[in-house]
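Biologist: I am new to this structure and would like a close look at a single part. Please take me through it step by step.

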Amino acid sequence: MRRRYYNHKVIQDYIKERKITIKEFCEMCKISYNQHKRILNDDNVHIDALFKISKVLLIPFNEMFIVKNYNRFSGVELYK
């Protein structure tokens, strides 16, 4: 079973590096605070919010995701 998780680390590193607040980050990306919170909770997010964030962070869109594979035979999550 495959599920997509969002890469929180790049967002948090950007906020710490720039020494900005979450509100300022959301304004820069033109997303709502709730969208940011949904990304941190790995909830369903509008894909355009992820595009906006990747554009501000100057990273490829695919780096916004972390893919975890769940091995049903061993019961262990494998990271890719």
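Biologist: How far is the sulfur of cysteine 29 from the closest cysteine sulfur, and which cysteine holds that sulfur?

Modeller: One point before the answer: this is a predicted model. The closest cysteine sulfur to that of cysteine 29 sits in cysteine 26, 7.1 Å away, which is too far for a bond. A disulfide would need the two sulfur atoms within 2.5 Å. The structure as a whole holds zero disulfides.

Are these cysteines buried or exposed? Cysteine 26 has a relative accessible area of 4%, so this residue is buried. Cysteine 29 is buried too, because its value is 3%. The cut-off for buried is under 20%.

Now the surroundings of Cys29. Helix H2 covers residues 22–29, and helix H4 covers residues 47–57. Their axes come within 9 Å and cross at roughly 100°. H2 and H4 are therefore roughly perpendicular to each other. On the H2 side, the contact is made by Phe25, Met28 and Cys29. On the H4 side, Lys52, Ile53, Val56 and Leu57 take part. By class, the contact of H2 with H4 counts six nonpolar residues, one charged residue and no polar ones.

Next, the aromatic rings. A search of the whole structure finds four aromatic pairs. One of them joins tyrosine 6 and phenylalanine 65: the ring centres are 5.9 Å apart and the planes stand at 45°, so the pair is tilted. This pair links distant parts of the chain. Tyrosine 6 lies in strand S1 (residues 2–6), phenylalanine 65 in strand S2 (residues 65–71), and the two are 59 residues apart. Tyrosine 6 counts as buried, because its relative accessibility is 11%. Phenylalanine 65 also counts as buried, at 19% relative accessibility.

Phenylalanine 61 has a relative accessible area of 22% and is partly exposed. Tyr6, Phe61 and Phe65 belong with Phe51 to one aromatic cluster.

Conventions:
Residues numbered from 1 in each chain as written. Predicted model: local features only at pLDDT ≥ 70, side-chain atom pairs only at ≥ 80, totals over all residues. Heavy atoms only, no water. Axes fitted to C-alpha atoms, helices over the stretch in contact; angles between N-to-C directions. Helix = DSSP H or I, 4+ residues; strand = E, 2+ residues; numbered from the N terminus. Parallel < 35°, antiparallel > 145°, perpendicular 65-115°, else oblique. Contact = heavy atoms within 4.5 Å. Nonpolar A, V, L, I, M, F, W, Y, C, P; charged D, E, K, R; others polar. Phe/Tyr/Trp six-rings, centres within 6.5 Å; stacked < 30°, edge-to-face > 60°. Buried < 20%, exposed > 50% of the residue type's maximum accessible area, 1.4 Å probe, protein only.
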